[in-house]
Amino acid sequence: AHLNRGETLLSYNALDLARQYAPNDAKIRTLIAHHLFLKKDFPEAKQEAEKALALQDNNFRAAIILGKSLLNMGQTEKALQFFAGMEQQLCLDQLR
């Protein structure tokens, strides 16, 4: 709610506290990655997105943050490979 109101500091502080109580919550990790991405801290955003994906492999939001972080870090080829893998996984999931 804080993030939607533009209260980024309150939102980040609440997430940081939530992470202490639930370090394995993919949603919390994804929102932290989102915050870090907005702050242009792309390496940390990538790292948090990877943690979120390790906890929930179908976390599309975390996957997008990871891919966009790679792009912003200048790792274009790696980002393209990652997005291609995402596309392939989505196609496979739709066939099931």
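Is the crossing of α3 and α4 left-handed or right-handed? The crossing is left-handed, a term applied if the near helix is turned anticlockwise from the far one by less than a right angle.

The model is predicted, so that local features need pLDDT of at least 70 and side-chain atom pairs count only at pLDDT 80 or more, while totals for chains, interfaces and linings use all residues. Residues are numbered from 1 along each chain as its sequence is written, and side-chain values use heavy atoms, with hydrogens and water left out.

The protein chain contains five helices and zero strands, where helices (H or I, at least four residues) and strands (E, at least two) are DSSP runs numbered from the N terminus. Its pattern along the sequence is α-α-α-α-α. Of its 96 residues, 31% are buried, that is, under 20% relative accessible area with a 1.4 Å probe, protein chains only.

The axes of α3 and α4, lines fitted to C-alpha atoms over the stretch in contact, with angles from 0 to 180 degrees between N-to-C directions, come within 8 Å and cross at roughly 150°. The two helices are therefore roughly antiparallel (over 145 degrees). Contacts (heavy atoms within 4.5 Å) between them involve Phe42, Ala45 and Ala49, among others, in α3, and residues including Ala62, Ile65 and Leu66 in α4.

Ala49 and Ile65 also have the most contacts inside the largest nonpolar core, which has 18 residues; such a core joins buried Ala, Val, Leu, Ile, Met, Phe, Trp, Tyr and Cys residues through side-chain atoms within 4.5 Å. Helices α2, α3, α4 and α5 each give two or more residues to this core.

Terms used
Buried < 20%, exposed > 50% of the residue type's maximum accessible area, 1.4 Å probe, protein only. Parallel < 35°, antiparallel > 145°, perpendicular 65-115°, else oblique.
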